Every structure is written in C-alpha cells, then in structure tokens.
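Dear colleague,

Please find below the structure that I am handing over to you. My notes on what was found in it follow directly after.

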Amino acid sequence: MQITINKLIRKDTDKEGKKLVTSDGRNYTRLGLQCSEYGAKWLSGFSAPWNELWQEGQTVEADVVQKGEYLNLVKPNPLA
C-alpha cells in the first residue's frame with residue numbers, strides 16, 4: 001500500500017531520556033508517522049534500512065497492520 005507521509009518522528013530515547021532497548025539488550029529507534037490515508041492517527045514501527053530515508057512529503061510503500069487500537073508499519077513482502 002502506498003502512503004503519503006505528513007509528519008514523521010524518530011526517537012531513540014523514552015520520555016525520561018533513557019535509550020530505547022529491546023528485551024535482549026539491543027538499542028533501537030522508534031518510528032512514528034501520520035499519513036494522508038489515516039488522517040490524525042499515528043502509525044508506528046521500528047526504524048530500519050528499508051525506511052531510514054523516509055521524509056515528510058514522500059509517498060512510500062508500506063503495509064499497515066492494525067493490532068487493537070494501534071496501527072503498525074510493516075515492510076511490504078516483495079513476493080505477495
């Protein structure tokens with residue numbers, strides 16, 4: 001699915017300024033964005049090589065998966 005990025009935020013620290021760390025001790029960067037297709041709702045995911053060059057105003061390819069009330073970004077499967 002193509003989405004048009006309106007607002008994009010990358011964070012590698014939590015609200016208290018501590019580094020974000022996975023349960024097995026690896027640092028990570030959180031990705032949050034708003035896009036035209038979902039209005040004011042925030043989509044979230046992890047910063048990775050496939051999305052590291054994204055900028056506001058771009059139209060990009062990403063799958064969006066709803067888990068409860070949250071919308072998560074997932075790398076598109078090239079074979080699907």
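A word on exposure comes first: a residue is called buried under 20% relative accessible area, exposed over 50%, and partly exposed in between, with a 1.4 Å probe and protein chains only. Please also note that this is a predicted model, in which local features need pLDDT of at least 70 and side-chain atom pairs count only at pLDDT 80 or more, while totals for chains, interfaces and linings use all residues. Residues are numbered from 1 along each chain as its sequence is written, and side-chain values use heavy atoms, with hydrogens and water left out.

**Overall architecture**

The chain has six strands and zero helices. Both kinds of element are DSSP runs numbered from the N terminus, with helices (H or I) of at least four residues and strands (E) of at least two. Along its principal axes, the C-alpha trace spans about 35 × 30 × 30 Å. Of the 80 residues, 21% count as buried. Taking contact to mean heavy atoms within 4.5 Å, 48% of the contacts between residues at least 6 apart in sequence join residues at least 24 apart.

**The sheet**

The strands form an open sheet of six in the order E4-E1-E2-E3-E6-E5, with mixed pairing; two strands are said to pair if DSSP finds at least two bridges between them. Strand E4 (59-61) and strand E5 (63-67) stand at the edges with a single partner strand each, so one side of each has no neighbour in the sheet. On average, neighbouring strands are turned by 45° against each other, direction ignored; the axes behind this angle are lines fitted to C-alpha atoms (for helices over the stretch in contact), and angles between N-to-C directions run from 0 to 180 degrees.

E1 and E2 run antiparallel and are joined by six bridges, with Leu8 standing opposite Leu33 in E2. Five of the six residues of E2 are buried, which leaves this strand mostly covered. E2 also pairs with E3 in the antiparallel sense, over four bridges. Across that pairing, Arg30 stands opposite Phe46, Leu31 has Gly45 as its bridge partner, and Leu33 stands opposite Leu43.

On its other pairing, E3 meets strand E6 (residues 70-74) in the parallel sense over two bridges. Leu43 has Leu71 as its bridge partner in E6. In a regular strand, side chains alternate between the two faces of the sheet. In E3, Leu43 and Gly45 make up a covered face, whereas Ser44 and Phe46 make up an uncovered one.

**The largest pocket**

Rolling a probe the size of a water molecule over the atoms shows where empty space is left. The search uses a 1 Å grid over the protein atoms alone: a cavity is a set of points where a 1.4 Å probe fits but cannot get out, a pocket is an open set with protein on both sides within 12 Å along at least five of seven lines, and lining residues have an atom within 4 Å of a point. Grid points are joined across faces, edges and corners, and a volume is the space filled by probe spheres set on the points.

The largest pocket holds about 170 Å³ of space. Its lining consists of Ile9, Arg10, Lys11, Arg30, Leu31, Gly32, Trp42, Leu43 and Ser44. Strand E1 (2-11), strand E2 (30-35) and strand E3 (43-46) are the elements that give two or more residues to this lining. By type, the lining residues divide into four nonpolar, two polar and three charged, where Ala, Val, Leu, Ile, Met, Phe, Trp, Tyr, Cys and Pro count as nonpolar, Asp, Glu, Lys and Arg as charged, and the others, Gly among them, as polar.

**Two individual residues**

Arg10 lies in strand E1 and, at 29% relative accessibility, counts as partly exposed. Leaving aside residues up to four places away in sequence, Arg10 touches Thr29, Arg30, Leu31, Ser47, Asn51, Glu52, Leu53 and Trp54.

Trp50 is found in the loop between E3 and E4. At 26% relative accessibility, Trp50 also counts as partly exposed. With the same exclusion of residues up to four places away, Trp50 touches Glu61, Ala62, Val74, Lys75 and Pro76.

Yours sincerely
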